[in-house]
Amino acid sequence: MKLLYTVVPFAPLVGAIVAGLWGNRLGRTATHRITILGVLIAFLASVAIFFDVHNGNTFNGPLYTWGTSDGLTFEVGFLIDSLTVTMMLVVTFVSLMVHIYTIGYMADDPGYCRFFSYISLFTFSMLMLVMSNNFLQLFFGWEAVGLVSYLLIGFWYTRPTAIYANLKAFLVNRVGDFGFLLGIGLIAAYAGTLDYAETFAQAEKLATMNEAVTGWPLITAICIALFIGAMGKSAQVPLHVWLPDSMEGPTPISALIHAATMVTAGIFMVARMSPLFELSDTALSFVLVIGATTAFFMGILGIVQSDIKRVVAYSTLSQLGYMTVALGASAYSVAIFHLMTHAFFKALLFLSAGSVIIAMHHDQDMRNMGGLWKYLPVTWLTALIGALALIGTPFTSGFYSKDSILIAVAHAQIPGATYAYFCVMAGVFVTAFYTFRMIFLVFHGKERFGQAHAHHDHAAHGSDDHHHGLAPGEKPHESPKVVTVPLVLLAIPSLLIGAFTIDAMLFGGWFANVIFVDEARHGSIAALREEFHGALAMGLHGLTSLPFFIALAGVALAAFFYLVRPDLPDRIAARVRWLYTILVNHYYFDRFNEIVFAGGARRLGRWLWQIGDRTVIDGAMVNGSAQIVGEVAEAGAALQSGRLYHYAFSMILGIAVLLLFLYLV
Amino acid sequence: MALELPNFALLAPQIVIALAALVLMTAGAFARERWRQWNYVVAQLAVIVATLLTVFTSGDPRVQTTFGGIFLVDWITLVVQLFIYLSVFAALIYGRFYLIERGLERAEYYALVLLSLLGMQILTVANHLLLFYLGLELMSLALYALVAFDRNHALRAEAGMKYFVLGALASGLILYGLSLIYGATATLSLPEISSVAALRPGDERVFGFGLAFLVAGIAFKFGAVPFHMWVADVYHGAPTPVTLLLASAPKLAAFALAFRLLVFGFFEYAHYWQPMLMVVAVASIVLGNLAAIAQKNLKRMLAYSGISHVGFILLGLAVGVVEGNHQLALNAYSATLFYAIVYAVMSLASFGLILLMARSGFEAEWLDDVKGLNQKSPWFAAMLLITMFSLAGVPFFVGFFAKLAVLQAVVAAGYLWVAVLAVVMSLIGAFYYLRVVKLAYFDEPTERQPLIASSETRVLLSGNALALALFGLMPQGLMSLAAYAMIASL
């Protein structure tokens with residue numbers, strides 16, 4: 001079995017290495033076959049492991065000991081349990097779909113082989129992250145997925161916006177990683193181990209301790225530090241700023257990395273650490289408030305976007321906020337459940353958006369679309385399924401997970417729960433509105449494509465395939481099979497997986513012994529269990545419950561604004577210009593970071609460079625010490641006179657010194 | 001008392017080398033010119049046979065003695081001898097081409113190498129003070145002659161003369177020290193000296209005097225400060241193959257000498273020799289690293305670098321005695337043995353690289369001669385890089401683990417400041433090693449002659465340098481060999 005576990009991450013790695021080193025020599029077809037084969041093997045192995053875990057065979061053990069230092073063991077190891085295998089399935093399945101989809105999407109790109117190498121490498125990194133049984137490997141995976149994300153955001157590296165975006169993602173993630181490392185460091189320092197199981201065994205003991213220097217409660221400090229890491233990776237306010245910009249990367253990776261898998265690493269990590277988080281109400285409140293803020297306020301920004309990918313990106317932010325809220329409400333299994341359903345329907349939405357973008361010849365502006373449904377029937381249907389799942393229409397997978405979150409938050413008792421409840425409820429309306437705004441603008445209404453775009457300068461783009469748009473009179477076409485088949489394959493779980501798995505995942509003990517909830521103090525999951533009477537009953541009840549009507553109102557309003565009275569939105573925006581300005585500037589987060597952090601860092605850097613580096617270190621220390629060493633060296637060399645009697649004299653002197661010790665001891 | 005026949009089989013490796021040396025000497029006097037090429041074969045064969053004999057005769061049982069206990073064969077003998085053979089074997093291969101080109105490849109050369117090898121062997125098996133002296137003189141005399149072997153060359157002759165005069169002075173010191181020790185203990189047998197429970201009050205001082213002279217002599221053989229003056233001149237002046245030999249195998253023999261005398265023989269009197277070794281070691285590390293910076297000659301630079309490495313070896317020997325803590329002592333001594341082995345192998349590679357670059361009329365001994373090696377041969381530039389990184393103690397090359405092991409022992413013994421000083425000095429030392437790498441990679445070559453070394457030199461040198469990288473990735477095997485030798489022998 002251990003071999004099978006090993007195969008899962010390493011099959012994609014082999015694919016990545018082969019594609020990366022010899023891709024251009026092998027040719028495109030061979031490259032995508034090899035990488036897809038690697039991911040397919042990983043997926044099939046994951047399925048086999050799934051059934052094995054289902055039969056009760058879990059595994060926790062080292063694969064390779066990297067080193068031991070001062071009692072701390074650094075290992076590569078696997079922890080295979082229900083949580084891991086769920087993530088493995090999601091990651092490998094979505095990755096497989098994206099691999100296939102990429103054949104169509106990147107068909108004309110000169111970086112074809114490089115792209116396949118990257119996404120396979122990403123699959124390897126993500127699998128190492130989720131399969132880890134210790135913090136060190138977790139951190140390795142964490143950084144590795146961050147690296148691939150960086151590489152892929154900047155995939156079109158000749159574009160200044162892409163370079164800016166990937167640098168931004170990298171820097172913002174450093175902030176999160178700093179917290180994450182602090183958390184791991186605290187665990188290593190106080191628990192004396194990096195192994196999950198050994199750490200969790202000491203959780204109760206850690207909960208009674210205080211951090212030695214600051215006096216803070218240790219467990220809270222650890223949890224918040226770890227969560228700061230999750231905030232960076234999972235794009236929670238205020239570390240969310242990199243995710244919308246990450247849409248500079250090719251669409252398949254927006255689906256894979258920046259919607260379905262990597263950004264959920266933070267959610268996964270907190271769920272994995274549930275034995276620690278359960279011990280600190282302060283940390284849970286912090287998680288809850290951050291998540292709720294993200295869920296609501298980022299959703300609102302989705303309303304004012306005109307780039308189709310950015311709408312989906314803000315929607316991702318908002319949905320990540322929902323997952324975080326579930327974590328804060330101690331409903332970890334619900335968070336993972338939503339993570340899974342979201343992975344499917346969000347990947348679906350992104351890939352549909354990609355399909356639209358292909359059809360529009362890489363024009364992403366929704367204002368230039370409209371009425372596409374009859375040209376792209378498959379894309380339209382699948383996007384509609386994704387949208388319905390996203391807004392939580394009863395019986396879709398999104399409904400089961402999101403409704404569970406809403407109920408869980410309603411029953412949460414910790415400080416901040418009321419605020420969170422308001423945010424997620426209001427978020428339902430916002431989600432429905434922006435989602436159907438997108439559907440209506442893209443697929444319905446008047447056909448606005450094929451008009452001359454005065455603001456596009458084609459000559460300046462050269463080989464750049466961004467923002468081409470359709471020529472006047474040209475009609476869009478449905479995308480090739482390699483694009484639509486993954487859409488269909490993703491649409492099926494988007495519709496169905498929620499109903500089939502909710503019972504097992506939330507209530508059936510699938511996560512028993514893996515996710516730990518202190519039900520005496522945090523009762524939301526217990527309350528959820530009490531209200532649950534089967535998936536069908538939940539769906540029927542959903543048709544009469546408040547969130548459904550809120551969502552319906554959102555859809556209706558979107559229909560009114562964008563189908564019935566398309567002139568209204570602009571007029572409203574003109575009326576409340578101040579609000580609109582704030583929104584299109586993303587609450588000025590970017591501006592703030594630009595001025596305070598980026599500007600401040602540059603100023604500090606310049607100061608340290610001038611004073612610290614050039615004057616003190618270079619001037620006094622480096623050159624100064626080098627000068628001293630040089631002078632001493634010359635003097636030492638000068639002792640070597642070449643004369644025999646000097647040498648003999650030095651030996652006699654040495655004897656005298658040694659004899660001196662006889663009197664000293 | 002029945003006369004017991006000594007166990008000659010145990011000394012078979014030494015006997016083989018002695019016979020081969022005699023054969024070569026005879027051949028040098030009488031053999032025909034066209035048989036000359038066989039000299040090399042005989043010498044190498046002798047080394048290989050001795051290696052095999054050593055492997056088969058020693059190690060089981062762990063400790064064996066013969067000739068009434070004046071010879072002792074144990075695991076330290078085994079490990080040290082194996083690496084001495086390896087060094088000599090490599091030295092003969094690396095040096096052959098150089099010697100042929102300069103018309104120096106004569107039977108006497110091989111005879112002298114084997115005689116010095118015999119001296120080194122005796123140092124590893126001796127268990128009696130006179131035998132130590134004998135081994136030391138045999139080794140040294142052969143080496144003096146080797147240094148001056150190219151006798152028409154003024155620099156070589158000068159170096160040989162200096163080495164001889166100073167060596168004679170050192171021998172005098174050692175002999176004087178031995179006689180004082182004999183005076184205090186009335187015996188020359190090492191086990192008997194170590195078992196002399198308590199010296200009479202007056203004898204203690206005499207014994208201490210003797211020890212001081214002995215330590216001075218050992219320090220001279222190692223080339224440690226302040227008995228190091230010969231090192232730079234001799235390394236520089238000697239033909240490079242001899243320098244190569246001088247920098248590798250005798251260091252291991254000197255380790256065996258110091259370890260046997262100080263640790264085996266005079267462990268009870270460690271309070272005398274420990275501070276002496278310590279001060280010599282620290283001085284060597286400081287002066288070696290600093291003076292190396294100022295050198296423009298590669299061989300001189302490596303000579304000073306060697307002084308600093310010897311400082312580490314002596315440091316490891318000095319810190320082994322910690323209030324009777326057996327485990328710490330074991331750790332320190334195995335770290336020291338490990339260091340000595342690693343240093344010998346690194347020396348082989350570094351001087352081997354000089355020989356690789358050298359050719360008739362071009363010694364490749366100046367720093368400038370390394371310039372642009374990467375353009376001539378990227379492969380050997382990489383080997384140079386590995387060797388220099390390892391010498392500098394860059395992590396994940398074996399030199400790093402050698403330093404680490406010794407420094408751990410130093411810290412465990414409580415000499416934190418010594419460890420800090422050693423690290424700072426190593427850091428300064430990294431400068432001159434990295435300078436060599438920089439010259440090889442980033443400077444334009446001064447001349448564009450291709451490398452013309454023999455293929456066996458190329459292969460062995462590659463293996464030698466790669467071993468430094470490989471053992472850096474997996475230092476455990478070599479370390480446990482050193483540790484096992486200590487456990488089995490102490």
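In the predicted model, 21 residues of chain A are in contact with 37 residues of chain B, contact meaning heavy atoms within 4.5 Å. The two chains bury about 2,600 Å² between them, and 81% of this lies on carbon and sulfur atoms; buried area here is the accessible area (1.4 Å probe) that two parts lose on being put together, summed over both. On the chain A side, the most area is lost to chain B by A:M651, A:L658 and A:L662, together 25% of what that side buries.

Helix 27 (589–639) and helix 28 (644–664) of chain A each supply at least two residues of the side that touches chain B, helices being DSSP runs of H or I with at least four residues, numbered from the N terminus. Helix 28 gives the most, with twelve residues. By class, this side of chain A has 16 nonpolar, four polar and one charged residues, where Ala, Val, Leu, Ile, Met, Phe, Trp, Tyr, Cys and Pro count as nonpolar, Asp, Glu, Lys and Arg as charged, and the others, Gly among them, as polar.

What of salt bridges across the interface of chain A and chain B: how many does the rule find? The rule finds zero, a salt bridge being a side-chain nitrogen of Lys or Arg within 4 Å of a carboxyl oxygen of Asp or Glu.

Within chain B, 18 of the 19 residues of helix 4 are buried, that is, under 20% relative accessible area (1.4 Å probe, protein chains only).

Residues are numbered from 1 along each chain as its sequence is written, and chains are lettered from A in the order in which they are written. Local features need pLDDT of at least 70, side-chain atom pairs count only at pLDDT 80 or more, and totals for chains, interfaces and linings use all residues, while side-chain values use heavy atoms, with hydrogens and water left out.

Methods
Buried means under 20% relative accessible area, exposed over 50%, partly exposed in between (1.4 Å probe, protein chains only).
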